[in-house]
Amino acid sequence: MYKKQMIAQKILCLAAIIVAAIFFIYALGYMTDIYDSMYTSIRDPDDYWNSARVYGAWIYFIMQDFNAYMLACSIVLILLAALLFLTNTNVRRRYYIGNFVSTALYSVAAVVMSVIVHGYVEAFKTYYKTYVDFDQLKEWAESRGTLYIGPNDTFWFDLHYLVCGLLILVAVLLVANCIWKVMLMKDEAAVVKEGKGAVAR
């Protein structure tokens, strides 16, 4: 049973760093379409509220702070995933305090970040579909040769469901693996104790 559990923990630690990297890539690409479509319609970035040629195009600047936050979070998550390897959580037969701490830090961070990202992305998606004047945006795209994205072109917004879902799934599996490890350690300790008792008798 220990063999199966150790294979699982190796896979999960690898999955943790892969999913964190996917989160990082998502953070980098999240605003790609918004930028390509709307940035040029802002005449003065320092006064984007009043200088937008397309009503609602200022969403690009509203989203920037959050995008920087999301990028920072993804880097933190990569570092926490690396901590799993630094504490040998991927290969250790018995877990010690460092292994429990690294597992907890990654799992809690992944879930909290996913909840926050979901809330903000959904809010931005609603703002985008509600306030951007897509007729003006289409005219601007045709006149300037820029990308046009319609009200239903929400790929980058919707992609967060997959990214956040993967983060939460890996976090839950890491915790489940940790519980599995504790149970095996207790069983092993009980067998050792019984063995010592038998020898003493």
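The model is predicted: local features need pLDDT of at least 70 and side-chain atom pairs count only at pLDDT 80 or more, while totals for chains, interfaces and linings use all residues. Residues are numbered from 1 along each chain as its sequence is written, and side-chain values use heavy atoms, with hydrogens and water left out.

**Overall fold**

- The protein has seven helices and zero strands, in the order α-α-α-α-α-α-α along the sequence. Helices (H or I, at least four residues) and strands (E, at least two) are DSSP runs, numbered from the N terminus.
- With a radius of gyration of 24 Å, well over the 17 Å that the globule rule gives for 201 residues, the protein is more spread out than a compact globule. That radius is taken over C-alpha atoms, and the rule is 2.2 Å times the number of residues to the power 0.38.
- The C-alpha trace spans about 90 × 30 × 25 Å along its principal axes.
- Of the 201 residues, 39% are buried (under 20% relative accessible area, with a 1.4 Å probe and protein chains only).
- Among contacts (heavy atoms within 4.5 Å) with a separation of 6 or more, 78% link residues 24 or more positions apart.

**Helix 1 with helix 4**

- The axes of helix 1 and helix 4 (residues 59–86) come within 9 Å and cross at roughly 165°. Axes are lines fitted to C-alpha atoms, for helices over the stretch in contact, and angles run from 0 to 180 degrees between N-to-C directions.
- Helix 1 and helix 4 are therefore roughly antiparallel (angles over 145 degrees).
- Residues making this contact include Ala16, Ala20 and Phe23 of helix 1 and Met70, Ile78 and Phe85 of helix 4.
- By class, the helix 1 and helix 4 contact holds 21 nonpolar, two polar and no charged residues. Ala, Val, Leu, Ile, Met, Phe, Trp, Tyr, Cys and Pro count as nonpolar, Asp, Glu, Lys and Arg as charged, and the others, Gly among them, as polar.

**Helix 1 with helix 5**

- Helix 1 (residues 2–29) packs with helix 5 (residues 97–131) at an angle of about 25°, their axes lying 13 Å apart.
- Helix 1 and helix 5 are therefore roughly parallel (angles under 35 degrees).
- Ala16, Val19, Ala20, Phe23 and Tyr26 of helix 1 meet Tyr106, Met113, Val117 and Val121 of helix 5.
- The contact of helix 1 with helix 5 has nine nonpolar residues, with no polar and no charged ones.

Conventions. Parallel < 35°, antiparallel > 145°, perpendicular 65-115°, else oblique. Buried < 20%, exposed > 50% of the residue type's maximum accessible area, 1.4 Å probe, protein only.
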